[in-house]
Amino acid sequence: MESQTIVEALLLGLLEGLTEFIPVSSTGHILLAGHFLGFNSTGKAFEILIQLGAILAILSVYFRRLWQMLLDLPHDRLTRHFVIGILIAFLPAAIIGALAHDFIKTVLFESPRLICIMLIIGGVILLAVDRMNLKPVYRDVERFPTRLYLQIGLFQCLSLIPGTSRSGSTIVGALLLGVDKRAAAEFSFFLAIPTMVGAFAFDLFKNRNVLTSADLPIIAIGFVAAFVTALFVVRYLLDYVSRNGYSLFGWWRLVVGIVGLVALMIWG
């Protein structure tokens, strides 16, 4: 295992943890960074499998709440409503993602220009929505109407295009549907759990015959780096967006997308 590869895996893992739960597209960032670093993983599995670190970060932060929900599930109607709502929101992207998996991995993942364009488009949309005078109707993620869970889940389908952002699509959708800024981010956290676990398990299964023991150390390095940085982001993001909104992330997307397009024109 070359030292350069170790450094690249570490950098990409840090980038994954930093960007997974903010609306800037972690997959888009990792694919762009990997393109310019010349980093190639077996079956493009590294980019998906290191998400396990981010998953464990959110599970650790929300462990007590998730454990209490598990205990309350058999007898508490509100808890059952929320869990069913999460599953309803998860299903649209899960079904489309499974059906279009090969196209996404072999075509969309291989288009850095598309990623940059989606980063820019998403940045413009995020800035526009953040400045709208929206009147929040829903503030408690556990009490959303069933139709709202489904509608947010349909927005999440947009994230199957790399550069769009899973959290970005769900947050923008939630804001437009009347959810307040903090609840939109929090619901995105909860929806990330089945979505990312599903993507991880499905990608691991699809690449089971091509991954070797030589891939494991690189994936492990990326996993640990993603866990540490995602832990920090999850702990502080809700308070940040409650006070400041999402404009920072809109500008972030614009800068990365434009710089990426310029770099592609210069270096290819």
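Where is valine 210 found?

## Valine 210

In this predicted model, valine 210 sits in a loop that runs between helix H11 (181–206) and helix H12 (216–244). The relative accessible area of valine 210 is 44%. Partly exposed covers the range between the buried limit of under 20% and the exposed limit of over 50%, so valine 210 is classed as partly exposed.

Valine 210 can also be placed relative to threonine 27. The two residues are 183 residues apart in sequence, and their C-alpha atoms are 21 Å apart in space.

## Annotated transmembrane regions

An unreviewed UniProt entry carries the annotation "transmembrane region" for residues 48–67, 79–100, 112–129, 187–205, 217–238 and 250–267.

Among these, residues 48–67 are 90% helix and 0% strand in the model, with 26 Å between the end C-alpha atoms. Residues 217–238 are 100% helix and 0% strand, and the end C-alpha atoms of that span lie 33 Å apart.

## Packing of H8 and H13

Two packed helices are described by the angle and the distance between their axes. For helix H8 (residues 112–131) and helix H13 (residues 247–267), the axes come within 8 Å and cross at roughly 155°. Angles over 145 degrees count as roughly antiparallel, and H8 and H13 are therefore roughly antiparallel to each other.

The crossing of H8 past H13 is left-handed. The contact of H8 with H13 comprises 15 nonpolar, 6 polar and 4 charged residues.

How values were computed: Residues are numbered from 1 along each chain as its sequence is written. This is a predicted model: local features need pLDDT of at least 70, side-chain atom pairs count only at pLDDT 80 or more; totals for chains, interfaces and linings use all residues. Side-chain values use heavy atoms; hydrogens and water are left out. UniProt positions are given in the numbering used here, feature names are shortened, and annotations may be inferred rather than shown by experiment. Helices (H or I, at least four residues) and strands (E, at least two) are DSSP runs, numbered from the N terminus. Buried means under 20% relative accessible area, exposed over 50%, partly exposed in between (1.4 Å probe, protein chains only). Axes are lines fitted to C-alpha atoms, for helices over the stretch in contact, and angles run from 0 to 180 degrees between N-to-C directions. Angles under 35 degrees count as roughly parallel, over 145 as roughly antiparallel, 65 to 115 as roughly perpendicular and the rest as oblique. A crossing is left-handed if the near helix is turned anticlockwise from the far one by less than a right angle, and right-handed if clockwise. Ala, Val, Leu, Ile, Met, Phe, Trp, Tyr, Cys and Pro count as nonpolar, Asp, Glu, Lys and Arg as charged, and the others, Gly among them, as polar.
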